[in-house]
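Hello,

Here is the structure I promised to pass on. My notes follow below it.

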Amino acid sequence: MAQVSSVAEGKTSKSITLRIARFNPEHDHEKKFMEFNLQYERWTTVLEAILDVKKHFDHSVAVRYSCRQATCGSCGMIINGKPRLACFTKISELDSDVVTVEPMNNFPIIRDLAVRFERLFDTHHKVKPYLIRDDSEITSNEKEFLQSPEELENYIQFANCIKCGLCNSACPTMATDSSFIGPQALAQAYRYVADSRDKGKDSRLKIIDDSHGIWRCHFAGSCSQVCPKGVDPAMGIQFLRGYLLGFRS
Ligand code: SF4
Ligand code: FES
């Protein structure tokens, strides 16, 4: 199916073919692709192109988004074969006349480009993503738990996670082990273990030292390559292994 849209009609606009995967698990056995010819400008994002299709041609295309500024983590999808945020990916940077969008791998599909996040949120919650202190310390006269810039540096990169799931989508172990805790949760375990204000290291290390935990990672490194926020789950996993093997304390 080829149609022309008006996402951009300026003098500098170019055209692409946008291929959108369509799939409804209630009655489809495999994905089908719908194609649209679109005009775009160099600043047009993949999300804007998909929304243009919804506005002008087929409002039933299912896609999740919210902030449109790489903050909420909602719009992850496979774009030309790689997990990316649709709102943070400009068509011009893909350097291709054809842009194919598909739902993220390793997530159950709700419909079309929208996937279920329950597994990611469950594993995220499992590693206790909050500061753990004794109640007596929190209610004492000590109002602040101060940190040096060096102590902040130990974990701040990992605090940038927006829970988009791109790392889990890229992970080959996620594809073969449906119980694997995944790079997102492991990166968040490290974020809190490395925080000088936290006292929950031992309980988190116990949680990830599990038959479907940290040792299932084959260190493919694809999680770190696709993260749009500069988080490096592969490095966090190595640091966590250092704690478990006694190289770090
Ligand atoms: S680590 Fe990066 S890719 Fe993974 S969920 Fe967080 S922001 Fe997304
Ligand atoms: S719409 Fe929020 S990250 Fe893309």
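**Domain contact**

In this predicted model, 14 residues of domain 1 are in contact with 13 residues of domain 2. Contact means that two C-beta atoms, placed from the backbone, lie within 7 Å. Strand β4 gives the largest share of the domain 1 side, four residues. By class, that side of domain 1 has seven nonpolar, five polar and two charged residues. Here Ala, Val, Leu, Ile, Met, Phe, Trp, Tyr, Cys and Pro count as nonpolar, Asp, Glu, Lys and Arg as charged, and the others, Gly among them, as polar.

Domain 1 covers 14-115 and domain 2 covers 118-244. These bounds come from an automatic or database domain assignment. The C-alpha centres of the two domains lie 29 Å apart.

**Conventions**

Residues are numbered from 1 along each chain as its sequence is written, while chains are lettered from A and ligands numbered from 1 in the order in which they are written. The model is predicted, so local features need pLDDT of at least 70 and side-chain atom pairs count only at pLDDT 80 or more, whereas totals for chains, interfaces and linings use all residues.

**The sheet**

Five strands form an open sheet with mixed pairing, in the order β2-β1-β5-β3-β4. Strands (E, at least two residues) and helices (H or I, at least four) are DSSP runs, numbered from the N terminus. Two strands pair if DSSP finds at least two bridges between them. β2 and β4 (82-85) are the edge strands; each has a single partner, so one side of each lacks a neighbour in the sheet. From one strand to the next, the twist averages 35 degrees. Axes are lines fitted to C-alpha atoms, for helices over the stretch in contact, and angles run from 0 to 180 degrees between N-to-C directions.

β1 (residues 14-22) pairs with β2 (residues 32-40) in the antiparallel sense, over nine bridges. Arg19 has Glu35 in β2 as its bridge partner. β1 also pairs with β5 (residues 98-102), in the parallel sense and over four bridges. There, Thr17 is bridged to Val98 of β5.

Best wishes
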